[in-house]
Amino acid sequence: MELDLKKISLRDVNDKLQNLDRKQNQRDFIITNPEGNHAICAGLTEEMSVTIKGHVGYYCAGMNQKAHITIDGNAGTGVAENMMSGRVHVKGNASQSAGATAHGGLLIIDGDTSSRCGISMKGIDIVVKGSVGHMSGFMSQSGNLIVCGDAGEALGDSLYETNIYVQGNVKSLGADCVEKKMDKNHIKKLNKFLKEADIKNLKGENFKRYGSARKLYNFKVDNIGNY
Amino acid sequence: MCGIVGIYLKSEKFKDSLGSMLSDMLVNMSSRGSDSAGFAVYKEEDKEKNFKYSLCLNGIDYEKFKKEIENKITILNIEKNSDHVIIKAKNKPSDVIKILNKNFSKISIVGYGKSIEIFKQVGEPKNVVKKFNLKSFSGTHGIGHTRMATESAITTDGSHPYSTGEDECLVHNGSLSNHNNLRRKLKKGGINFHSENDTEVAAGYISKNLSNKKSLNDTLKGALKDLDGFYTFVVGTRKGFAVLRDEIACKPAVIAETDDYVAIASEFQAMAHLPDVNNAKIFEPEPGMVYSWGN
């Protein structure tokens, strides 16, 4: 079913998707003319497939549960922020704070993201086919952040238990973020994510893994310079 | 918050619709600030390269002002647009500014130069663009601003764009934390300020460096060190404009570039209506990098 944002208000479109008509049970939607509007497809809670044709504004697919949402364009700040489950696929680039604070689900970004990708992530898996900007993975707590390109300054600053995998160059690591050994299990898991994101030409073996040195967990006066 | 918009035309194609493009962008950015709005449009200079002055009357009677100013300077053209007046004069800028300040202290000089015209006023962006009929403007490039006031009063003098030098102007989304110190330093160096606003200080800083023959690129690189705070800046000059974001880059900016124009806005939605924007090269300016067109 096509939902044209030039003809139907954003509020009505979101209302329709948030409260599916059980009698019709239509679960395939195409949204046209998004024109950079904010909060498109925010708060969906059911299994459905939505394709947005064009660029979206802030917080697209925020708080998503179960829905599969594809953005055929660029996404603004906070795409899939606080996602719980489901899958969000951005075919263009994403702005800052992609996947922020999200607890679950899979976020795939075909292009690059700007700063703070995966900030405070709590269990989401993020696959970025391009590069990520500065302070990505900042205070991230759990989940996997996979970057096929490069990472900007202060990657993984003050992170907890998120695994960060980067294939390209890392400009610098943030406080308490260190490179860690890749064992077979990590490579296996990483290959599974690459496959899920439909990446065929890359191998898990070529990535480096970064995680927490766990030195900032408790206050130690010797670490004062890192706070 | 605050919203920023700008267009630089790379070809002649949209010359006559510059005002209309800018107007729609500004109105869209009302969601980021509706306390005041303003815009600067750059038109081609005349053959004699005479100077124009953009003035806000602040309640002064136009006819009376016109009569009096005509006795004091050689006016080539005078045009009223709502509560603003654009005068074109033969005299030197330093003389005109001195005469205006001495005799019409209530009037604000919002900008001057060979091609710039600036209009700014309190009120919702849609009312401000309508009042000055921005849609009818043509030109080579223009920048605009919608303000959500934070650190200084909602007045004409507190509105953007700020112009502190010939054909220069600045719009800003963000806030500066060292503006009081910097204002004191710049005042000692001979720059005059008309408000308590932080952006006016940044504009003064840029003008001061440009008048010392520093390039725009070097000036903005210097700003990264000397200006403390959050900002996305768009700086307008006679030839084009430049964009700078601070290194933390909390304040947004999106650029869309086609063969015919470069557009910048705080959010993509402000340029969603621009011609052929879906085929434009769209990107976010990187933190701490100077981008410029036409300069």
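Okay, let's start with helix 1 of chain B, residues 18–28, which is mostly covered, with 10 of its 11 residues buried. Buried here means 20 or more other C-beta atoms within 10 Å of the residue's own, exposed means 12 or fewer, partly exposed is in between, and the C-beta atoms are placed from the backbone. Helices (H or I, at least four residues) and strands (E, at least two) are DSSP runs, numbered from the N terminus.

Quick housekeeping: this is a predicted model, where local features need pLDDT of at least 70, side-chain atom pairs count only at pLDDT 80 or more, and totals for chains, interfaces and linings use all residues. Residues are numbered from 1 along each chain as its sequence is written, while chains are lettered from A and ligands numbered from 1 in the order in which they are written.

Back to helix 1 of chain B. Its buried residues include B:Leu18, B:Met21, B:Leu22 and B:Met25, and also B:Asp24 and B:Asn28. What sits over them? Among the covering elements of chain B are strand 1 (3–9), strand 2 (36–42), helix 4 (125–131), strand 8 (141–147) and strand 13 (261–265).

Zooming out, chain B has 7 helices and 15 strands. Of its 295 residues, 48% count as buried. Along the principal axes, the C-alpha atoms of chain B fill a box of roughly 55 × 45 × 35 Å.

Now a helix pair. In chain B, helix 5 (residues 179–188) packs on helix 6 (residues 198–211) at about 40°, with the axes 9 Å apart. Axes are lines fitted to C-alpha atoms, for helices over the stretch in contact, and angles run from 0 to 180 degrees between N-to-C directions. That angle makes helix 5 of chain B oblique to helix 6 of chain B, since under 35 degrees is roughly parallel, over 145 roughly antiparallel, 65 to 115 roughly perpendicular and the rest oblique. Who makes the contact? Helix 5 of chain B brings B:His179, B:Leu182, B:Arg183 and B:Leu186, and helix 6 of chain B brings B:Asp198, B:Val201, B:Gly204, B:Tyr205 and B:Lys208. Contact means C-beta atoms, placed from the backbone, within 7 Å.

B:Pro161 lies in the loop between strand 8 and strand 9 (169–176) of chain B. As a reminder, most residues other than glycine have a negative phi, and most peptide bonds are trans.

A:Cys41 isn't a glycine, yet has a positive phi of about 60°; A:Cys41 is in the loop between strand 2 (28–32) and strand 3 (49–53) of chain A, and counts as buried with 27 C-beta neighbours inside 10 Å. A:Tyr59, also not a glycine, has a positive phi of about 55°. A:Tyr59 is in the loop between strand 3 and strand 4 of chain A and is buried, with 23 other C-beta atoms within 10 Å.

Last stop: A:Asp72, in strand 4 (residues 68–72) of chain A. Buried or partly exposed? With 17 C-beta neighbours inside 10 Å, A:Asp72 counts as partly exposed.

Technical notes: Contact = placed C-beta atoms within 7 Å.
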